[in-house]
Every structure is written in C-alpha cells, then in structure tokens.
Amino acid sequence: MALKRGLSSVGVHRNRSSGSRFPIVILVLFSVLAPLVFFVRRGLYISDQNGVQSDYTKQNVDWRERLALQSIRNLFTKEVIDVVTTSTADLGPLSLDSFRKGNLSASWKVIGVETSVEDDATSQSNQKAADLKQEMSQIKEGRLLDDDHSSDTPAKTIRRQLRDNRRAKRAAELVQQDNEAILKLENAAIERSKAVDSAVLGKYNIWRKEIENDNPDSTVRLMRDQIIMAQVYVSIAKMKNKLDLQQELLIRLKESQRAVGESTVDADLPHSAPEKIKTMGQVLSKAREQLYDCKFVIGKLRAMLQTSEEQVRSLKKQSTFLSQLAAKTIPNAIHCLSMRLTIEYYLLPIEKRKFPRSENLENPNLYHYALFSDNVLAASVVVNSTIMNAKDPSKHVFHLVTDKLNFGAMNMWFLLNPPGKATIHVENVDEFKWLNSSYCPVLRQLESAAMKEYYFKADNPTKSASSNLKYRNPKYLSMLNHLRFYLPQVYPKLDKILFLDDDIVVQKDLTGLWSVDLHGKVNGAVETCGESFHRFDKYLNFSNPHISRNFDPNACGWAYGMNMFDLKEWKKRDITGIYHKWQNMNEDRTLWKLGTLPPGLITFYGLTHPLEKSWHVLGLGYNPSVDKKEIEHAAVVHYNGNMKPWLELAMTKYRSYWTKYIKYDHPYLRSCNLSE
C-alpha cells in the first residue's frame, strides 16, 4: 500500500513536472522569435523608406541639373557647351576630390562608380592619361599625321584647336618673361659695372671687402668746423673780458689751423689730428658753458659769412684776370720757335724766300682760304689738317697774313715744311699801306686819348674791378683781328673765300662748302643760338635807340671761325661801308664792347646764310661737355674760349684732336722743348 502510494506519488510528480516544462519552452520561443520578427520588419521598413527617399533625391537632383543647364545655355554658346560635353563624355561628371598618386597632378573621382571597381576605373584613367601624354609628345615631335584626326567630331576639333592655341600662347609668354628677365639682369650688371671705380679695383684686392670711410674728408671738415666755432668764441670772450679763456682758445685755434693746413682729405692730416680734435672739443665745451649767447653767435657767424662771400668774389675776379692773362700770352716754347725761325729766315738769300706756284694765288677756280694769325704753331695745324683731309690738295690755296714780328717765322716754317702740292702765300699786315687811320675807323679810334686811357692807364678810376678784362685782350687791338672786314680789298680778284681762325682743326674735306648755295647772302656761317643763348641781346646794347630800332634782340647769333664769304655780293652790298658806319657810331663803346663778333652781327644782319651744324662745332675752349659724337662727325672743330690747345690750361680731353697734326720730333720743336 505504501509502495503503491509511493509509486502513485511518483507518477503524479512526473505529470506535474512535464506540465511545468511547456510554458518555459513557449517563453523561450517568444523571447527568440519576437526580436527576430521586429528586426526583419524594421529592415523592410527602412528599405522601403530608402527607396522612397532615393526616388525623391533623384527627382530633386534632376530638377537642379535642368535649372543649371538652362543657366549655362544662357551664358555660353552652343559650341562651348559641346566642347564641355565632349570633354566629360568619357568619364562622366567629374569633381575634384583630393590629390592621389598617379600620372596627374590632381586626381579626379568618377561619381557613381562602385567601390569594388574603383581600382579598375583608376587604372583606366591612368591609361588614358598615358595615352594622352604619348599623343602630345607625338604632336611636339611632328610625328602625328593629319589622318589621325579624320574621325574627330567638330567639337573635339574645336577643343583641340583651343588647347593648341592656349599652349602656344603660354609658351610665348614664358619666352617673353625669360627674355625680359635676362634683359633686366644685363642692364643691372651694366649699371653695377659703371659704378665700379677702376682705380679702386687696381688699388685693393677685389676678393676682400675693404672697410673705407664713405667721406674721406670728414675729419678735415670737423676740424674746420671747430676752427670756425673757436673764432666765434674768441670774439665773444674778448667782448665779455674772458681773457684767460680767450687765450686758451687762441692757442688751440692756432694748433688746429697748423694741423689742418692745406689738407683736403683725412689722409693728409698729421697723426696728432685726433688729439687736436679732442683738446679743441674740450675747450669749446668750456667756452659754450661760459660764453654761449645765441644772439652773439648768430651775429658773429653772419659777419663771418659776409666776409667769406667778399673773399670769394675777390678770388673770382682774380681768377678771371689770371685766366684772361694766360689766354693772351704766348708760351715760352712757341716764342722760342718763332725767334729761331725768324733768325733762320733772314739768313736765307732773297731768292730762296719765295714759295712755288704763285700763279695760283689769283685763280678764282681754286679753293682759297684766308688765315690771319701771329701764332706759327697754330697756323701750321690749320694748314696741315686741311691738306691731310683734302681730296685734291693741289687745288687748295692758303693766304696767310701775320704781323711784322712773326712774318719771318711764318715764312720760314712753311718753307721748311711745305704743304705738299697746295699753294701757300704769307703777307705782312703792316705792309698794307691802304689800311691806315684815315680809312679804318678802328685805327683812328685807337689813336684817341680816351681809348689809350681805357687800355693803357692802370690807375684809370673809371674802370670797374672786373672790368671787361676779356675785351682788353691785345687781339682786339690788332688789325689782324679786324682784317676780316676788308677781304675784298685784300683779295680783289677772288669770287669766294673761306675764312678760318687759327684755333680750329679741320677734320674733313671742305670743298663742299664752295658748292653751298648762299641764296644771295654774303656770309655762310653756323648759327650758335639755343633757346635763349647767343642771341643779339647778348652782344648788343638794346637800351641804345640805334640798336633797338634796327635789330631784333631775339635774332640768332652765328660764329666766326669758319665762314664762307661771297666776295661778289660783298662788293655789291658794300659790306665794308656798313661796317665803317657802325664802327664810327660806337666810338664811345655804347653800342657794344670791343671785339669783332658784335660788329660782324650788325654788318651781316640779314645777309647770313645758316650752314649745317656739322660743318663747324664750337666750344672746345671753354665747354667740357661737348658731345664726343658731334666732335668726331664735325668737319671743323673750334677751340673758341680761353683754353686754347697750345696753352697749359687747355682741356686734356680735347687736346688730342689738335696735337695729332703736330710732329713733335721736328728738330725746331725739340730744340724749344715743345712736347705733347
């Protein structure tokens, strides 16, 4: 019973246990299947939503593309749009993404290509780039045939042409930029080379930078400034009775003056100069503390400035006088030459003193020159330079006139040194008996008491300090200078004559001057006026009514030195009579100062034909900036001014044009120590 009850209890227990397991299984199934169903349904919903959204996005993009395309069509022509369409047809819409490794400098990403085929697209793009590069190289080498493009569409042809044009334009721009850069570098190098001082290069090592003072006279200027201030304080110390300080300043002042001396650069100063500067600085500081008064210092400096200006004016006058004195003196060597030649000439027998070919002297068909000079060496240069540059020297005739002092020397020189096949004749102005005071106004005026006082009395109170030193030159008193107004009287059988000064050099054949048409004028000359220089008002006194009524103050001046004179027209118009009229009116020198150019401007007023400037270049005797090209292209160069080429004060840069026509190895020149 008990066993039965136990078995029955076990059976009941098994039934109960099997009944309790079923709900658990159901619970487990629901816990697993419910999430699975949820996620599956969620995925299906999302997929549906994505489909709907993609359709909306696609519609939106299509709408945007249509709007952009409409705007582009309004902006560009159909040809341009075709080119853009063709350029993007192969790879589809392109967008700049990032820099990638490859043949191109920047990679382009194809939109819409799957990630799985990205590498294939990249390799295809690189292959196309390589093909394009090879094609370009073939184009550059000229190996691409016209048949290769036979299948191209018109859009591709236009694109290729545009690309070629851009490439050619860019290449031209690069070449031009390179040329401009090279030109700039060359110009900069030239400017730097001009700035280099050859003397410095020769003095210092060009591989080592020298440390030099930019102002080589800075110490000298400092010491001179100290001297000036010391002089100011000496004066103030005396006024304020500071005798001890005055004495100390005087001592230091003398020391500094002795140290500076005639020094112009720091290298000329003595070794004690720095100590002098220091000592003087200490004394000046002491004087400033005790004596400085702005009013007194300004007054003293103003007085010193006025004194300095007076000294400068005085030195300028002295310099003018000395330069004029030097200009009218004959160097000892040339005087020696003249004396030696004169002695030799008068030792010659009379029959040996004659020049050959005297029959040419009155032949109007030859080229005649008039040269009036008392300088043997200068006259020889004029004759030699003319003959050496003449095409046919045998047709040239030289008429020389000198004074009795140089008559023998002039003859002897050309007897010893005949001018080749040319004809030459020398005359003495003092033997022209018709040229006397009763006929010539200048000679009559020179005999007047007023003229003698003006020229020869040194204590004349009416003379100003600067006093026309230029016009007191003896050449203005010499009839050789005024003889140019009497050419028809001196050479009555000639039709034309070329007048030359003795300070000129001939560089070309002058026979062309005889064929110049003077258009009925008497004088052919080169004009010298610039914008306001060398016009009539520079030479004539237009405050005088005789001058102001008859002449234009702005009329252009011209130069003596090389003048072609038509002697037939001269006689017809009585030029010498016009000269006499105005010379008589100027006896008191109120119309012009002495000289021959002012009366020449008056006499030939309206009767002068201007020649080309290349015939006659002036200024080599006073102007240091005459253009070298003008000098070299000139037929005649003129040393007008005080710096004559035979004087020591001549400008070195111009002297060689004159000296090359002198044979300095000539025994007479060597005996008188004449050298270049």
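In this predicted model, strands β3 (367-372) and β6 (residues 496-500) pair in the parallel sense over three bridges, where two strands are said to pair if DSSP finds at least two bridges between them, and where helices (H or I, at least four residues) and strands (E, at least two) are DSSP runs numbered from the N terminus. Within this pairing, A370 stands opposite F499 in β6. Residues are numbered from 1 along each chain as its sequence is written, and side-chain values use heavy atoms, with hydrogens and water left out. Because the model is predicted, local features need pLDDT of at least 70 and side-chain atom pairs count only at pLDDT 80 or more, whereas totals for chains, interfaces and linings use all residues.

Strand β6 is also joined by five bridges to strand β9 (residues 562-566), and these two strands run antiparallel; here I497 stands opposite F565 in β9. Four of the five residues of β6 are buried, so this strand is largely enclosed by the rest of the structure, buried meaning under 20% relative accessible area, exposed over 50% and partly exposed in between (1.4 Å probe, protein chains only). Strand β9 in turn pairs with β8 in the antiparallel sense over two bridges, and G524 stands opposite M564 in β9.

These strands belong to an open sheet of seven strands with mixed pairing, in the order β5-β4-β3-β6-β9-β8-β10. The edges are formed by β5 (423-428) and β10 (608-610), each of which has a single partner strand, so one side of each is left without a neighbour in the sheet. On average, and with direction ignored, neighbouring strands of this sheet are turned by 25° against each other, where axes are lines fitted to C-alpha atoms, for helices over the stretch in contact, and angles run from 0 to 180 degrees between N-to-C directions.

Two helices were found to pack on this sheet. Helix α11 touches β3, β4 (396-402), β5 and β6, and its direction makes about 175° with that of β4, contact meaning heavy atoms within 4.5 Å. Helix α12 touches β4 and β5, and its direction makes about 170° with that of β5.

The axes of α11 (residues 376-388) and α12 (residues 407-416) come within 10 Å and cross at roughly 40°. That angle makes α11 oblique to α12, since angles under 35 degrees count as roughly parallel, over 145 as roughly antiparallel, 65 to 115 as roughly perpendicular and the rest as oblique. The crossing of α11 past α12 is right-handed, a crossing being left-handed if the near helix is turned anticlockwise from the far one by less than a right angle, and right-handed if clockwise. In this contact, V376, A379, S380 and V383 of α11 meet A409, M410, W413 and F414 of α12. The residues divide into seven nonpolar, one polar and no charged, where Ala, Val, Leu, Ile, Met, Phe, Trp, Tyr, Cys and Pro count as nonpolar, Asp, Glu, Lys and Arg as charged, and the others, Gly among them, as polar.

Helix α12 also packs with α10 (332-347), at an angle of about 80° and with the axes 7 Å apart, which makes α10 roughly perpendicular to α12. On the α10 side, the contact residues include L337, L341 and Y345, and those on the α12 side include F407, W413 and L416. The contact of α10 with α12 divides into ten nonpolar residues, four polar and one charged.

Elsewhere, an open sheet of three strands has the order β7-β12-β11, with mixed pairing, and its edge strands, β7 (504-506) and β11 (616-617), each pair on one side only. Three bridges join β7 to β12 (residues 636-638), and these strands run antiparallel, with V636 in β12 as the bridge partner of V506. In helix α20 (residues 575-585), the buried residues are I575, T576, Y579, H580, W582 and Q583, and their packing partners include α13 (441-446), α18 (545-550) and α21 (597-603).

Most residues other than glycine have a negative phi. H519, in the loop between β7 and β8 (523-525), has a positive phi near 55° and counts as exposed at 55% relative accessibility.
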